[in-house]
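These are my notes from a first look through one structure.

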Amino acid sequence: MYEGPVVRFALARTAIARPLMLVALGLGAACSGAAPPTAATAPPRQGEEAPATPAPAAARPEAAPPQAAPPGPAEAQAFVAAVDRELRRLRIQSARASWVNQTYLTDDTDALAASAEEASMEYLNRAMKAAARFDGLALPADVARQLALLKISTSLPAPSDPAERAELAALSVEMTSLYGKGKHCPKARPGRATTAGLGAARAGAGAEPKCLALDELSSLLKTSRDWDELLDAWAGWHAIAPPLRPKFERYVALGNKGAAELGLPDVGALWRAGYDMSPDAFEAETERLWGKVKPLYDELHCYVRARLRAIHGKDRIGEKAPIPAHLLGNMWAQEWSNVYGLMEPYKGQPSLDVTRKIKAKKLDGKQMVSLGERFFTSLGFDPLPATFWERSLLKKPADREVVCHANAWDVGDRDDLRLKMCIEPSEEDLITIHHELGHVYYFHQYYKLPILFQSGANEGFHEGIGDTLALSVTPSYLRSLGLLDRVSEDEKGAINFLFKKALDKIAFLPFGKLIDQWRWDVFSGRTKPADYNAAWWALRLKYQGVAPPVQRSEADFDPGAKYHVAAGVPYMRYFLAHIYQFQFHRALCKAAGHTGPLHACSIHGSAAAGEKLRAMLSLGASRPWQEAMRAVTGETAADPGAMLEYFEPLRRWLKEQNKGEVCGW
Ligand SMILES: [Zn+2]
């Protein structure tokens with residue numbers, strides 16, 4: 001799973017502004033896909049060591065006299081330069097503190113990381129407001145763009161009232177913390193399979209069943225095929241969320257107050273403002289993209305539902321019914337590849353699982369990362385800097401607590417790139433390494449830009465790069481590494497491969513879209529607090545075609561059982577990344593001279609593809625994302641056509657399989 005909250009660090013605009021202690025608590029990082037806290041770096045200037053030369057007083061945000069004459073372009077330029085210096089200083093400080101914290105968790109490192117983060121937050125708050133002085137001025141394009149990016153550089157705008165700001169920060173931490181500590185404590189129920197069995201097994205003979213954390217409940221959802229046991233795990237986890245509900249409601253109110261001070265209608269409008277189009281146009285754009293891929297999703301849904309019906313019975317999964325949300329191998333039914341084994345299209349094809357080989361070859365984390373690096377250098381990218389190998393954490397330490405969620409970092413000065421990941425010898429981790437190195441190489445390509453440009457062209461780009469490369473990790477490429485013995489040459493093998501991919505990539509799309517659809521409606525007031533849960537399930541039904549397996553009411557708060565809602569991390573980036581990565585893949589395959597089906601393409605070894613990719617990455621956020629898109633694809637809009645082309649053989653096959661089924665819900 002690559003959707004990691006971590007991302008907030010990755011992108012300068014989200015990163016800088018994150019409510020502090022989320023980081024410090026070490027609750028963040030899930031994804032593998034994430035990116036880092038950080039301040040990347042610029043070469044030292046003459047006579048100025050990077051850390052912090054304080055800005056000249058006149059350029060400091062707080063220094064603007066209330067009744068001063070209207071500022072001119074020179075003042076705007078000086079302001080932007082001062083912000084750049086100060087953000088570098090603050091972010092280097094906070095990235096170092098966070099790194100130490102997450103790789104050595106103690107109360108002291110928590111506190112150090114929180115205070116560094118708080119300093120960034122406080123400064124940013126002032127700078128964002130001060131930037132408004134330059135509204136309406138005719139400015140050089142790069143200055144105007146840095147000011148615009150500064151003004152949307154937080155996903156949680158705090159009210160200026162110090163008490164309210166403190167309350168909002170505290171709410172953020174409390175929600176994340178409640179989520180992080182969430183546990184399901186099963187009760188034995190005679191005659192019914194429940195998670196109590198697992199809890200009892202964990203506890204040992206004679207003891208009370210042990211309470212189960214999310215990772216344990218998630219592995220149960222992956223592997224159990226028992227309706228009641230799955231239901232118990234699902235309902236048990238969702239029961240952690242009701243205490244978040246009043247906090248979330250208050251967080252919405254305070255966040256909206258902060259947004260209003262920035263002149264925005266609500267927090268949702270701020271989240272939609274980072275896409276080089278109006279917030280309304282962006283909302284319409286996500287709906288347009290979804291409309292294009294929905295027919296393929298519907299075919300997949302129909303096929304999967306029929307297979308699940310064969311297992312669980314017609315009385316539990318009706319003809320035109322939504323799929324019960326606990327049966328898809330994932331707590332949120334967001335990626336379904338864990339149920340692949342239940343419905344593999346063709347038996348007897350060569351295995352697609354490379355884990356066995358990785359174990360047999362005894363590859364360690366460093367060797368696996370080297371395989372990933374080799375992919376990038378084959379495209380003409382630089383080798384990773386020596387400090388990457390010295391400073392990264394690639395193995396879970398035995399003697400201390402660390403945050404194991406994989407993420408990529410750009411710590412401080414001078415291309416200080418790192419990977420933090422407790423690597424296991426598995427296929428999943430090998431793919432995740434490629435994903436994370438996508439972030440690392442993005443940092444590497446733009447680290448010399450002004451700090452406000454040091455982020456993805458938009459939030460979806462950063463997530464999409466690593467995944468793009470991972471699409472080139474095809475069975476044939478894996479065989480060339482000696483990680484698969486045989487690769488199927490026929491249509492059946494291709495269908496198995498595409499079906500497994502679709503269970504993750506296509507199944508994810510409606511979920512990726514609806515999380516923020518729900519929050520946008522909440523922030524705008526379209527969804528009232530009294531309807532939080534009903535509105536959530538209305539969207540899950542509408543987009544995903546899934547339904548809660550047990551009765552829900554407004555006493556529940558099911559959105560809060562998802563990390564990104566509890567932690568306030570915007571989510572639309574993952575939806576976009578899923579669309580973009582196929583578009584990038586198609587363009588790079590074309591540059592590499594690939595002919596034949598898109599799913600069989602690997603750009604490994606193509607200097608031409610590498611050059612195009614670097615042209616895009618090097619722009620960072622310095623230009624509207626449409627230009628970055630053009631640099632690699634020649635196109636200026638998101639186009640789900642590439643994804644549809646990739647899965648076309650599967651779509652035809654699914655359509656055939658679904659004959660006689662009543663699809664839809
Ligand atoms: Zn990522």
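**Entry 1: L498.** I looked up the contacts of L498 and, leaving aside neighbours within four places in sequence, found H599, F647, P649 and L650. I count two residues as in contact if their C-beta atoms, placed from the backbone, lie within 7 Å. The C-alpha atoms of L498 and L650 are separated by 6.3 Å, although the two residues are 152 residues apart along the chain. L498 sits in helix α21 (residues 491-524). Is L498 buried or exposed? It is buried, because 23 other C-beta atoms lie within 10 Å. The rule I use is buried for 20 or more other C-beta atoms within 10 Å of a residue's own, exposed for 12 or fewer, and partly exposed in between, with C-beta atoms placed from the backbone.

**Entry 2: ground rules.** I note that this is a predicted model, in which local features need pLDDT of at least 70 and side-chain atom pairs count only at pLDDT 80 or more, while totals for chains, interfaces and linings use all residues. Residues are numbered from 1 along each chain as its sequence is written.

**Entry 3: the whole protein.** I listed 27 helices and 6 strands. Both are DSSP runs numbered from the N terminus, helices being H or I with at least four residues and strands E with at least two. The protein has 665 residues, of which 53% count as buried. Of the contacts with a separation of 6 or more, 78% are between residues 24 or more positions apart.

**Entry 4: α18.** I checked the length of helix α18 (residues 427-446): at 1.5 Å a residue its 20 residues should span 28 Å, and the end C-alpha atoms are 30 Å apart, which agrees. The expected span is 1.5 Å times one less than the number of residues. I found 18 of the 20 residues of α18 buried, so the helix is mostly covered.

**Entry 5: α9 and α10.** Helix α9 (residues 214-223) packs on helix α10 (residues 227-238) at about 150 degrees, and the axes are 9 Å apart. Axes are lines fitted to C-alpha atoms, for helices over the stretch in contact, and angles run from 0 to 180 degrees between N-to-C directions. The pair is therefore roughly antiparallel; the classes are under 35 degrees for roughly parallel, over 145 for roughly antiparallel, 65 to 115 for roughly perpendicular and oblique for the rest. From α9 the contact takes L214, L217, L220 and L221, and from α10 it takes E229, L230, A233, G236 and W237. I sorted these into 7 nonpolar, 1 polar and 1 charged. Nonpolar here covers Ala, Val, Leu, Ile, Met, Phe, Trp, Tyr, Cys and Pro, charged covers Asp, Glu, Lys and Arg, and the others, Gly among them, are polar.

**Entry 6: α19 and α24.** Helix α19 (residues 459-471) and helix α24 (residues 572-591) pack at about 45 degrees, with axes 7 Å apart. That makes α19 oblique to α24. Residues in the contact include F461 and L471 of α19 and Y574 and F584 of α24. By class I have 7 nonpolar, 5 polar and 4 charged residues there.

**Entry 7: positive phi.** A333 is not a glycine, yet its phi is positive, at about 55 degrees. I placed A333 in the loop between β3 (323-324) and α14 (340-343). A333 counts as buried, with 23 C-beta neighbours inside 10 Å. K362, also not a glycine, has a positive phi near 55 degrees and lies in the loop between α15 (355-360) and α16 (365-378). K362 is exposed, because 8 other C-beta atoms lie within 10 Å.
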